[in-house]
Amino acid sequence: MDAIVLPDGWAARLVVVDNANTNDFRGLCLEPGDLAVSKLAAARPKDIAFVRVLLREGIISRETLGDRLAATAAIEPSRAAHLLDLIADSPYRSSP
C-alpha cells in the first residue's frame with residue numbers, strides 16, 4: 001500500500017504528548033489501536049511482530065483491533081479476517 005491506512009475516527013483518538021521531556025513542545029501520536037491497524041495493513045513481518053507485542057503487553061486488545069479493522073474503509077472484510085488470523089497464530093494472543 002502506498003498510503004497510510006487508518007480506521008475511521010482516528011483523528012479524534014490522537015494522544016497528546018506534552019511533558020517535561022518534550023521541551024515545551026506538544027506532540028500528537030496515534031492511539032495504539034489505530035497504530036496497530038496501520039501496521040497490520042502494511043503486513044510486513046516486523047509490523048506483525050510489533051502488533052503481537054502490543055497484544056502481549058496488553059496495550060491493545062484483540063477486540064479493539066477487530067473493531068478498528070472493521071472501521072477501516074481501505075481494508076476489505078476478508079483481508080481484515082486474514083490479518084487477524086496472522087496475529088492469532090502468535091503465542092501472545094490476548095483473550096477476546
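Reader: Why is D24 called exposed?

Author: D24 has a relative accessible area of 80%, and exposed stands for over 50%, buried for under 20% and partly exposed for what lies in between, with a 1.4 Å probe and protein chains only; D24 is therefore exposed. The model is a predicted one, in which local features need pLDDT of at least 70 and side-chain atom pairs count only at pLDDT 80 or more, while totals for chains, interfaces and linings use all residues. Residues are numbered from 1 along each chain as its sequence is written, and side-chain values use heavy atoms, with hydrogens and water left out.

Reader: What makes the phi of D24 worth a remark?

Author: D24 is not a glycine, yet its phi is positive, at about 65 degrees. Most residues other than glycine have a negative phi. D24 is found in the loop between β1 and β2, and N23, whose place is in the loop between β1 (15-17) and β2 (27-29), also has a positive phi, near 50 degrees. Strands here are DSSP runs of E with at least two residues, helices are runs of H or I with at least four, and both are numbered from the N terminus.

Reader: How do you know whether N23 is buried or exposed?

Author: The relative accessible area of N23 is 58%, so N23 counts as exposed.

Reader: Why is α1 called roughly antiparallel to α2?

Author: The axes of α1 (residues 32-42) and α2 (residues 45-56) come within 8 Å and cross at roughly 150 degrees. Such axes are lines fitted to C-alpha atoms over the stretch in contact, with angles from 0 to 180 degrees between N-to-C directions. Angles under 35 degrees count as roughly parallel, over 145 as roughly antiparallel, 65 to 115 as roughly perpendicular and the rest as oblique, and the angle found here therefore makes α1 roughly antiparallel to α2.

Reader: Which residues of α1 and α2 meet, and how do they divide by class?

Author: P32, L35, A36, K39, L40 and A42 in α1 meet D47, I48, F50, V51 and L54 in α2, contact being heavy atoms within 4.5 Å. The classes are nine nonpolar, no polar and two charged residues, where Ala, Val, Leu, Ile, Met, Phe, Trp, Tyr, Cys and Pro count as nonpolar, Asp, Glu, Lys and Arg as charged, and the others, Gly among them, as polar.

Reader: What makes α3 roughly antiparallel to α4?

Author: α3 and α4 (residues 77-88) pack at an angle of about 155 degrees, with their axes 10 Å apart, which makes α3 roughly antiparallel to α4. In this pair R62, L65, G66 and L69 of α3 meet A80, L83, L84, I87 and A88 of α4, and the contact divides into seven nonpolar, one polar and one charged residue.

Reader: How do you know whether R68 is buried or exposed?

Author: R68, which lies in α3 (residues 62-70), has a relative accessible area of 16%, and is therefore called buried. Leaving out residues up to four places away in sequence, R68 touches P7, R13, E31, G33, D34 and V37.

Reader: Why is the pair of R68 and E31 called a polar contact?

Author: Their side chains are joined at 2.5 Å, and a polar contact is a pair of N or O atoms within 3.5 Å, of which, within protein, one must be able to donate a hydrogen and the other to accept it, residues adjacent in sequence counting only if both atoms are side-chain atoms. At the start of α1, a side-chain oxygen of E31 also reaches to within 2.9 Å of the backbone nitrogen of G33.
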